[in-house]
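Okay, everyone, let's get going. Have a look at the chain on the screen, and I'll walk you through a few parts of it.

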Amino acid sequence: MKNKIILVQPTMGISGELACHIPLSLLYVASGLTKNKFKVIIMDNRLYPDSWRQKLLDYLDNNTLFVGITVMSGSPIANAIEVSKLVKNTGPIPVVWGGAHPTVRPEQILIKNFVDFTISGSGVNSSIKLAESLSKSIINPEEFKDIAGLGYKHNGEIICNKIYKGFEHVPYTDMPYYLIEDFSKYRQIGSTERIFPIYSAYGCPYNCAFCVSPSLYRDFKYKWVPLPAKEIVDHIEYLKKNYGATEIYFYDDDSFVNLDHIHSIIKEVRNRTLKIKMSFRGARVNEVLKMDKEYLHELAEAGTHILHIGIESGSQRILDLFNKGIKVEDIFQMNRRLSENKKIISGYNWIIGTPTETLQNIKETTNVIIKLIDHNPRCIIFPPNKFRPLPGTDLFILAIQHGYKEPATLEEWIYEELEGDKSQVWYTSEIEKMIKMLQVTSYFIDNKQVLLLKKHSFKNMLIKLLFMLYRPVARFRFKYGITGALIEYPIFQFFVSRYRK
Ligand code: SF4
């Protein structure tokens, strides 16, 4: 009986270069498979962008049951296609795609002869069931019908089962961390920490109009499920003791839906006198406004490093369009509150290029950003993400109304990148130039080089030098909307395309 399963994390484009954490979603899938006696190998192509082909060929053999790939929309698709074709060239080994992109567009993937199955939605249990079916001496396609979220081909037809409507929790004691080949290879730009991503809560109850979460969780009984503080802190302690974790990145969609949730975690961290840094990927303006000085102080003292906050826009009209439920004044108030804390770094996320967004709206956003940096030198501005219409979101419909044509093929999805060069039909030439300028300059307008580049290395020295030289130009362009003679942009795109492989 074949029982080897190779799970692949494809390369991620330039974002994978900035932060390369252990592939948490693959560990979740691997947990169920290893418990059911399958032999799992995790291959992370981000670590071997030039040598993954040979590595994969070395792993593939007669005992390989299937190769599973986790695929997000955008540039990871390019690498996932390459991996799939390589597998298919070696023999009839099934290829399974899971993750964000197969969740929204499984049919477009299954048309391809290099993909046999897709798994939409959470894939822990479905992967086990699929592995069990495929490992039988006679495969019975009838069994595929009962596998939640499975997409497959039968008698020339593409069939996509309904997804599992819930979160699949994996206790940390079941996480096969031993499958990670070399922890020292994981990194985050400028950081010296050994970072481990974990979840403290699943899901999100909000309804941001650009985000896929509301449609994914629409029929879930509970849209936000926090885990018990004891379990989370046990997990942190385990990672610290066994793998030398020095920082935990909470990958939650939203950690602060109920402030007591994180409060109970930091209390537990304090009670155990655990020395660990913590960063939170999901926080909202309205939630930070509910945190008083004491709460923020406790967060900081417990080791909070970065709090990522999705602000998205400085234009009230666009905030309303996004259904963020906040006022521009709330953003300033939140920033002031965070600035009073001298330990926490607040990282702000943005989206630009939405249908109906005018040049004036974008300028409102850049004005807000400049003020935020001036009021709070410990805030970092993440480069604005280009609005990407995602199927299932409210703004996808608006984009269609404004002439958006969804990529017609899987290959076209490769260029649907947040930092890519693709323009949308609703961009005017002024907006397009403005977006290009903001994509480059926003890396340099704040104090990232001081706040984030902690590691002493030649590369970081070069980045700091670049900051020193280019920052005044970047801030000038950004502040006054100067888009002429943007010679920086082709250089920026050169780097983006270099990582699209
Ligand atoms: S953007 Fe964040 S807060 Fe808004 S719905 Fe999505 S996950 Fe929730």
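Here's one to start with: which residue in S5 does Val67 stand opposite? It's Val95. Before I go on, a word on what we're looking at: this is a predicted model, where local features need pLDDT of at least 70, side-chain atom pairs count only at pLDDT 80 or more, and totals for chains, interfaces and linings use all residues. Residues are numbered from 1 along each chain as its sequence is written, and side-chain values use heavy atoms, with hydrogens and water left out.

Back to that pair. Strand S4 covers residues 64-70, and strand S5 covers residues 95-98. Helices (H or I, at least four residues) and strands (E, at least two) are DSSP runs, numbered from the N terminus. S4 and S5 pair in the parallel sense over 4 bridges; two strands pair if DSSP finds at least two bridges between them. To get from S4 to S5, the chain goes through helix H4, residues 76-90, and this β-α-β crossover is right-handed. That word means that, with the strands pointing away from you, the path from the first strand over the helix to the second runs clockwise.

S4 also has strand S1, residues 4-9, joined to it by 5 bridges, and those two run parallel as well. There, Lys4 has Thr64 as its bridge partner in S4. And how many of the 7 residues of S4 are buried? The count is 7 of 7. Buried means under 20% relative accessible area, exposed is over 50%, and partly exposed is in between, using a 1.4 Å probe and protein chains only.

Now look at the loop between H4 and S5, where you'll find Pro94. Pro94 counts as buried because its relative accessible area is 18%. Leaving aside neighbours within four places in sequence, Pro94 is in contact with several residues, including Leu65, Phe66, Val67 and Leu134. Contact here means heavy atoms within 4.5 Å.

Okay, zooming out. The chain is divided into domain 1 (4-160) and domain 2 (189-404), with bounds from an automatic or database domain assignment. Their centres, taken over C-alpha atoms, are 30 Å apart. The contact takes 10 residues from domain 1 and 13 residues from domain 2.

S15 pairs in the parallel sense with strand S14, residues 277-283, over 3 bridges. Met278 has Thr304 as its bridge partner in S15. Strand S16, residues 345-352, is joined to S15 by 6 bridges, again parallel, and Ile309 stands opposite Tyr348 in S16.

Next, helix H12, residues 293-301: its buried residues include Tyr295, Leu296 and Leu299. What covers them includes helix H10 (259-271), S14, S15 and helix H14 (328-339). Just after H12, Gly303 takes a positive phi of about 115°.

Last stop: His235, in helix H9, residues 229-243. Is His235 buried or exposed? It counts as buried, because its relative accessibility is 9%. Neighbours within four places in sequence aside, His235 is in contact with Tyr172, Tyr177 and Ile198.
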